[in-house]
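Please view the sequence and the model together while reading.

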Amino acid sequence: MKNTIIAAAIAAMTFVSTSATAEIRLIANEPGPNKGVRAKSVEYFGQLIEERSNGELVIDQNWGGALFKASAALPSISAGISDIGLVIGAYAPSEFPALALGDLPLAGTDAWISMQAMNELFSTNEQIKARMDDMGIVYLGPYATSQAQMGCRGEGMKSVESVKGTKMRYAGAVLGEMFSNLGGNMVNISIYKAFQGMETGLIDCTITYAYFAVATKLDELIDSLTPMEFSNAASLATFMNKTSYDGLSAEHQSIIQGVRLDVINYYSENILLADVAAMEKMTSGDDPIIVHKLNAADIAAMEEAAMPVFAKWKSNAEAKGYDADALLAEYKGLLEKWTEVRDTQGYPWTR
């Protein structure tokens, strides 16, 4: 009981009175380090909120999972351990299947498309909004990775046959299970521990992303990359504790919600540019990283190995009262919608 009271006191919004204004400091937790494309976007989110509130709202950002680990984000934000934090759907597949939907291996998209699709889904689907109310959280906006790649030491993943017996990082409930079904020797560590795991020999391969590999210096350890022929992971989103959110004025709530599209565009542009730059860095120079390309048979084998993942997601969604087929169809429809927007109008920053 004492610990609960202390945690609640620490996480509560801090009001600092000055002669000019009442400053509200919102405590935020970020599982990743303060570097890389997404870190810059997290900082941009805070900057916009502070600017648009004339300094009345300040994000007190904690990095590297200082308040709680990524796997504990959902219950921690719900309980008020922080006001704001990132939730990764792979760590809550049964509790939050609507968010885990963004990880299903669908047809290839990019970060901007998947983020726009998830944003519209979470902003308009009444069942998802009711579920978030029950969990005591408020949706603030999406994040997504670029296309996943298998980064390995040695020859790496030339085909699905090379997966068998290879020590691989268990990359969440989707790709982790898929590679386990293909015979991988799966090691359950977070992506933020991938460098250490590969450096010590705990793993030989890990799912990564071009910009992330460079940002975390993983590119210094890997010898090969194999792009996955699936959609990027879009099960990452920022949430706010509902009690903290409800304690804000309508004006402050509007400011926090109003930065979302700006953050989506800022992050998407920068992640696309960072991926191009990262691939150029990794595949050039005196000792370039080799890039393997999977053939049609390999992709078909991976799709077959992923079928139980869809079945498990459907079971989780139905257990929470969703019409799983309808929810998946809605998301696919939104991916198609935003793909058409990109193809006909271009990205917002290029118009």
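## Basis of the model

The model is predicted; local features need pLDDT of at least 70, side-chain atom pairs count only at pLDDT 80 or more, and totals for chains, interfaces and linings use all residues. Residues are numbered from 1 along each chain as its sequence is written, and side-chain values use heavy atoms, without hydrogens and water.

## Nonpolar cores

A nonpolar core is a set of buried Ala, Val, Leu, Ile, Met, Phe, Trp, Tyr and Cys residues joined through side-chain atoms within 4.5 Å. Buried means under 20% relative accessible area, exposed over 50%, and partly exposed in between (1.4 Å probe, protein chains only).

The largest nonpolar core contains 98 residues, and F96, F122, F179, M228, F239 and M302 have the most contacts inside it. A second, separate core has 13 residues, among them I189, L221, A278 and I289.

## Residue P348

P348 lies in the segment after helix 15 (324-345); helices (H or I, at least four residues) are DSSP runs numbered from the N terminus. Because its relative accessibility is 26%, P348 counts as partly exposed.

Apart from neighbours within four places in sequence, P348 is in contact with W112 and N265, where contact means heavy atoms within 4.5 Å. The C-alpha atoms of P348 and F68 are 35 Å apart, and these residues are separated by 280 residues along the chain.

## Lining of the second largest pocket

By class, six nonpolar, two polar and five charged residues form this lining. Ala, Val, Leu, Ile, Met, Phe, Trp, Tyr, Cys and Pro count as nonpolar, Asp, Glu, Lys and Arg as charged, and the others, Gly among them, as polar.

Conventions: Helix = DSSP H or I, 4+ residues; strand = E, 2+ residues; numbered from the N terminus.
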